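Me: I am new to this structure, and I would like to go through it slowly, asking at each step what a description rests on.

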Amino acid sequence: MVKIGNDWDGLLAGEFEKPYYLELRAFLKKEYGSRVVYPSMHDIFNALKYTAYGDVNAVILGQDPYHGPGQAHGLCFSVQRGLPPPPSLQNIFRELRDELGIRPPGHGCLTGWARQGVLLLNTALTVRAGEANSHRGRGWETFTDRVVSLLAQREEPMAFLLWGANARAKAPLLAGSRHLVLAAAHPSPLSASSGFFGCGHFAKTNAFLAQYGRHIDWAIEP
């Protein structure tokens, strides 16, 4: 039984017993037992653990976890302290600098955002080492569809930042909602120049939240 430890437990009650998730769980048990898979099993649901449903101000939706050693820890685009920021995160920091004048920090851990209500969610929550998108189509998309649908139903407005094709595929779940929906290319070096750089998502998010007396400090804590 998955235990998140906040209001997500009640909202997702029963989800972990559905046939698709039981199939996903069996697949993951085999994968973790026979291959190197990221993140650690204990970190898979960190995005939900760090950011309760009722606290969400913004959702950053990515693709799948980093697939290099020790990088992924359950928050999209974030890496654990002591590791250099990967290229995608470096590009995020570049956009922050260009938009808001925020200087890049000396690390790539984004837990400070998560504690401010930024849900750092990937569309798939696990990946094989060295194989991007290797757990795509195994059931995670159904699970993250449910998470996004629950957020779309929430009365308090929030911003959704959809980065990359996998994330933008969630847009229909948000159609007609009261929330701000922003879509851009993925910040990876392969696509950042095709619509991520200059997207203005951080400033637009705060302009939207300001209408409701809320604000995110995008500066990464030292």
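Reply: A residue is called buried when its relative accessible area is under 20%. Please keep in mind that this is a predicted model.

Me: With that cut-off in hand, which residues of S5 are buried, and which way do they point?
Reply: Ala159, Leu161 and Trp163 point one way from S5, while Phe160 and Leu162 point the other way, and all of them are buried. In a regular strand the side chains alternate between the two faces of the sheet.

Me: What makes S5 count as mostly covered?
Reply: The count is 5 buried residues out of the 5 in the strand S5.

Me: What joins S2 to S3?
Reply: S2 and S3 pair in the parallel sense over 5 bridges, and alanine 58 has valine 118 in S3 as its bridge partner.

Me: Why are S3 and S6 said to stand at the edges of the sheet?
Reply: The open sheet has 4 strands in the order S3-S2-S5-S6, with parallel pairing. S3 and S6 (180–184) each have a single partner strand, so one side of each is left without a neighbour in the sheet. Neighbouring strands of this sheet are turned against each other by 15 degrees on average, with direction ignored.

Me: Which helices lie across these strands?
Reply: Among them is H6, which lies across S2, S3 and S5 and runs at about 155 degrees to S3. Another is H8 (residues 201–210), which lies across S2, S5 and S6 and runs at about 175 degrees to S6.

Me: How do you know that the length of H6 agrees with what its number of residues should give?
Reply: At 1.5 Å a residue, the 13 residues of H6 (residues 140–152) should span 18 Å, and the end C-alpha atoms are 18 Å apart, so the two values agree.

Me: Which residues of H6 are buried, and what covers them?
Reply: The buried residues are Trp140, Phe143, Thr144, Val147, Val148, Ser149, Leu150, Leu151 and Ala152. Their cover includes the helices H1 (8–11), H2 (19–34) and H3 (46–50), together with the strands S2 (58–62), S3 (118–122) and S5 (159–163).

Me: Why is alanine 124 called buried?
Reply: Its relative accessibility is 4%, and buried means under 20%, so alanine 124 counts as buried. Alanine 124 is found in the loop between S3 and S4 (127–128). Leaving aside neighbours within four places in sequence, alanine 124 is in contact with Gln63, Asp64, Pro65, His135, Trp140 and Glu141.

Me: Why does arginine 154 count as buried too?
Reply: Arginine 154 has a relative accessibility of 5%, and since the cut-off is under 20%, arginine 154 counts as buried. Arginine 154 lies in the loop between H6 and S5.

Me: What makes the approach of arginine 154 to tyrosine 53 a polar contact?
Reply: A polar atom of the arginine 154 side chain lies 2.8 Å from the backbone oxygen of tyrosine 53, and the limit for such a pair is within 3.5 Å.

Note on methods:
Residues are numbered from 1 along each chain as its sequence is written. This is a predicted model: local features need pLDDT of at least 70, side-chain atom pairs count only at pLDDT 80 or more; totals for chains, interfaces and linings use all residues. Side-chain values use heavy atoms; hydrogens and water are left out. Helices (H or I, at least four residues) and strands (E, at least two) are DSSP runs, numbered from the N terminus. The expected span of a helix is 1.5 Å times one less than its number of residues. Buried means under 20% relative accessible area, exposed over 50%, partly exposed in between (1.4 Å probe, protein chains only). Contact means heavy atoms within 4.5 Å. Two strands pair if DSSP finds at least two bridges between them. Axes are lines fitted to C-alpha atoms, for helices over the stretch in contact, and angles run from 0 to 180 degrees between N-to-C directions. A polar contact is a pair of N or O atoms within 3.5 Å; within protein, one must be able to donate a hydrogen and the other to accept it, and residues adjacent in sequence count only if both atoms are side-chain atoms.
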